[in-house]
Amino acid sequence: MALSVPGVDDIAIINNGSTATIAADAGDRGLASLELGENEGSDDSGHVIMNGGFLRIGDFQGDPKVHIGEGTVQSTFIMNGGTIYFDGPD
C-alpha cells in the first residue's frame, strides 16, 4: 500500500500509535477531517505535532472536523506554531 499526503477531500486517520509531524515550512494544507485514535475502547492512538504552516480542516460545510481519541490510550495534538482554520478559509 502506497502512502501519500492526505488532501482536502480526505479524512486523515492515525490509529497505529504513530506521530505525524507538520513542518514549520509546510505551507497551506487542507483536510476534510482528522481522526486520532478513533476506535472506542481500543488501544488505538495517534499523534500530531504541528510546528507551522496553515492547516484547514473541514474545507466543506458539514465535514466532521477533528476527533481526538476514544481509545484507552491517550492521543495528542501538539501545536508549537502555525494556524488552524476550521470550516475552510473563512
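This report describes a core, a sheet and an aromatic pair in a predicted model.

Residues are numbered from 1 along each chain as its sequence is written, and side-chain values use heavy atoms, with hydrogens and water left out. Local features need pLDDT of at least 70 and side-chain atom pairs pLDDT 80 or more, while totals for chains, interfaces and linings use all residues.

The largest nonpolar core consists of nine residues: Ala12, Ile14, Leu31, Leu34, Leu36, Val48, Met50, Leu55 and Ile57. Strands are DSSP runs of E, at least two residues long, numbered from the N terminus.

An open sheet of three strands has the order β1-β4-β7, with parallel pairing. Its edge strands, β1 and β7 (65-68), each pair on one side only. Pairing requires at least two DSSP bridges between two strands. Four bridges join β1 to β4, and Ala12 has Leu34 in β4 as its bridge partner.

The structure holds one aromatic pair. The ring centres of Phe54 and Tyr85 are 6.3 Å apart and their planes lie at 15 degrees, so the pair is stacked (centres within 6.5 Å; planes under 30 degrees stacked, over 60 edge-to-face, the rest tilted). The two residues are 31 residues apart in the chain.

| Residue | Relative accessibility | Class |
|---|---|---|
| Phe54 | 39% | partly exposed |
| Tyr85 | 27% | partly exposed |

Definitions and conventions. A nonpolar core is a set of buried Ala, Val, Leu, Ile, Met, Phe, Trp, Tyr and Cys residues joined through side-chain atoms within 4.5 Å. Buried means under 20% relative accessible area, exposed over 50%, partly exposed in between (1.4 Å probe, protein chains only). Rings of Phe, Tyr and Trp (its six-membered ring) pair if their centres lie within 6.5 Å; planes under 30 degrees apart count as stacked, over 60 as edge-to-face and the rest as tilted.
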